[in-house]
Amino acid sequence: MAGMVIHGAQWGDEGKGKIVDLLTEKANLIVRFHGGNNAGHTLVVGGEKTVLHLIPSGILHGSKRCVIGAGVVLDPEVFLMEVDKLAAKGVDMSPARLAVSLRTHVIMPYHKLLDCARESAKAGAKIGTTGRGIGPCYEDKSSRVGIRAGDFLDEALLAAKIRHALAEKNALLAGLYGLAPLDADKVLEELLPLARRVVPYLADVPAMVQEALGSGAGVLFEGAQGTHLDIDHGTYPFVTSSCCLSSNAAAGSGCSPKDLGDIISVVKAYTTRVGSGQFPTELTCARGEHLQSVGAEFGATTGRKRRCGWLDAVLLREAVRLNGTTGLAVTKLDVLGGLDQLEICTAYTYEGAEILYPPQREGALAHVTPVYETLPGWKEDVTSCRSWSDLPQAARNYLTRVEELSGAPVRIISVGPDREQTIYKD
Ligand code: GDP
Ligand code: IMO
Ligand code: MG
C-alpha cells in the first residue's frame with residue numbers, strides 16, 4: 001500500500017475511526033489532515049471503546065506512527081488530555097509515535113468563546129456547531145493572524161501574537177457579544193504549560209509523510225467530518241470550516257495529490273446528521289427513531305442525538321465523483337436488520353424535473369423531493385457474518401444496489417462496532 005485516504009461520504013460520523021483503525025494494520029504512518037476536535041472517532045477493540053478527537057485513529061497499533069498535519073486545528077488542552085488518557089491505558093504516547101506539524105494552527109480560548117457567542121446570538125438558523133472554536137480558528141488562519149504550534153518554540157513571539165489577536169477579539173467579545181474581555185497575560189499564562197508539553201511533539205510532518213511514501217511504507221490519510229459538511233461543496237452555510245474532500249489529504253498533510261492512491265469513502269448504510277441543515281431523506285417518524293435507537297446515534301463529541309434517515313444515493317453519487325472513490329466502506333449494515341422494507345433515495349424531483357445530482361443553489365436541497373426505491377429487508381442478525389457469503393441474500397442485494405447507484409464498488413462492510421465485525425468483499 002502506498003497512500004490511502006479514508007474519508008466520510010455523508011455528514012460525518014460514518015464510522016471513519018473504525019475503518020482507519022482496521023486498515024492501520026496495512027500502514028506505517030497515519031495522518032489527520034483537517035478539522036479538529038469537532039471530530040469524534042470511535043474505535044472498539046475486543047469490546048473496549050476509545051473515542052478520539054484529535055489523535056489519529058491508528059494510535060492503538062503500538063508500532064505505528066501517528067501524525068497531525070498542517071491542515072488540522074489543534075486545541076492543545078484537548079490534545080494533551082487525549083495523550084494523557086491514552087497513556088494511562090498503557091498506549092505509548094511518546095514523540096517517537098506521535099507528531100504535530102509546526103504549521104498546525106492552534107485553537108485559542110477566544111476562538112471557543114466566539115464560536116459559542118455567535119451561535120447564541122443567532123435567533124433562528126443556528127449552524128449547530130460543536131462549539132469547539134473550529135470556525136474562528138480557521139478564520140484567523142485565512143486572515144493570516146493565526147497562532148501555529150511552531151510558535152510554541154518562541155514564547156516572546158507567542159506573547160506578541162496573543163496581544164495582537166486580543167486587540168481585535170476583545171472588541172468583538174465585549175463590544176458585540178457583551179462578554180468579559182480576555183487578559184493577554186492570563187491567556188499566555190494558561191497556555192504556556194500546555195505549549196511546553198506540546199513542543200516535544202513538534203515535527204516536520206510533510207517530510208515524515210513524504211519519506212514514508214518514498215520508502216513504500218503505507219500511509220493512511222484520516223479524514224474528519226464528511227463530504228456534505230465540506231466548506232465549498234457541502235450544504236453551506238450548514239457546514240464545517242475546512243475542506244472535507246479526499247483531495248485535501250495532500251494539501252493538509254503536505255504531499256503530492258499523486259501520492260494519494262486508494263480513496264476509501266466511508267458511508268453508513270443509512271444517513272445521519274448532527275446539527276442543523278437540509279436532509280432530504282430524514283425520517284421524523286417512528287422509523288427514524290428506530291434507526292436512532294438501534295444505531296445508538298448520539299454524537300461522539302457533543303452527545304447530541306443524530307437525525308436519521310434512509311440512504312441518499314444522490315448525495316453518495318455526488319460524494320463518489322467529488323472524491324474519486326476507489327472503494328466504499330459501508331458501515332452499520334447490522335442496524336438495518338429486522339426491517340421489512342428498506343428505502344433508498346435514487347434521485348430527486350426538483351423544479352418539475354428528475355435529477356441525479358444535488359442542485360447547486362444554496363438551500364435548494366430543502367426543496368427537493370426524494371424518489372425512493374423499495375428493497376426487501378432481512379430478519380437475520382448479521383453481526384456475526386465475516387464473509388460476503390455469510391450475509392443474507394437481501395443484504396447482498398442491498399449492497400449491490402448501493403454499488404450500482406453510487407458507481408463505486410463496495411470493498412469493506414462493517415456489521416458491528418468492533419474491529420472484528422468486518423467483512424472484506426473480494
Ligand atoms: P466517525 O466520526 O466517522 O469515526 O464515526 P463515529 O465514531 O462518530 O460514529 C460511528 C459510531 O458507530 C460509533 O459509535 C461506532 O462505534 C459505531 N459503529 C461503527 N461501525 C459500526 C457498525 O458496523 N455497526 C454498528 N452497530 N456500529 C458501528
Ligand atoms: P466526525 O469527524 C458530524 C458538524 C456540526 C455542525 C457543523 C459545523 O466525527 O465525523 P463545527 O464545530 O465544525 O463548526 O460545526 O458540522 N460537524 C460534525 N458532524 N461529525 C463530525 O465529525 C462533525 N464535525 C462537525 O455538528 O453541524
Ligand atoms: Mg464522529
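1. The lining of the largest cavity has 6 nonpolar, 3 polar and 1 charged residues by class. Keep in mind that this is a predicted model.

2. How many cavities of 30 Å³ or more does the count give? The count comes to 1 cavity. The space in the largest cavity is about 50 Å³.

3. Which residues line the largest cavity? A9, Q10 and W11 do, along with H228, V267 and T271. L311, D312, L315 and L316 complete the lining. Two elements, β14 (311-312) and α10 (313-323), each give two or more residues to this lining.

4. Now the ligand. Ligand 2 takes up the space of the largest pocket. Around ligand 2 there are 20 residues. D13, K16, H41, T130 and T240 are the closest.

5. The shell around ligand 2 can also be read by class. Its residues divide into 10 polar, 7 nonpolar and 3 charged.

6. At R304, a polar side-chain atom lies 2.9 Å from an oxygen atom of ligand 2. V274 uses its backbone: an N or O atom there lies 3.2 Å from a ligand 2 oxygen atom. For G128, a backbone N or O atom lies 3.5 Å from an oxygen atom of ligand 2.

7. How much of the accessible area of ligand 2 does the protein cover? On its own, ligand 2 has 550 Å² of accessible area, and the protein covers 97% of that.

Conventions: Residues numbered from 1 in each chain as written. Chains lettered and ligands numbered in written order. Predicted model: local features only at pLDDT ≥ 70, side-chain atom pairs only at ≥ 80, totals over all residues. Heavy atoms only, no water. Near = heavy atom within 4 Å. Polar contact = N/O pair within 3.5 Å; in protein donor to acceptor, adjacent residues only side chain to side chain. Areas by Shrake-Rupley, 256 points an atom, 1.4 Å probe, with all protein chains shown as cover. 1 Å grid on protein atoms, 1.4 Å probe; cavity = no way out; pocket = protein on both sides within 12 Å on 5 of 7 lines; lining within 4 Å. Sits in = over half its atoms within 2 Å of the grid points. Nonpolar A, V, L, I, M, F, W, Y, C, P; charged D, E, K, R; others polar. Points joined across faces, edges and corners; volume = space filled by probe spheres on them. Helix = DSSP H or I, 4+ residues; strand = E, 2+ residues; numbered from the N terminus.
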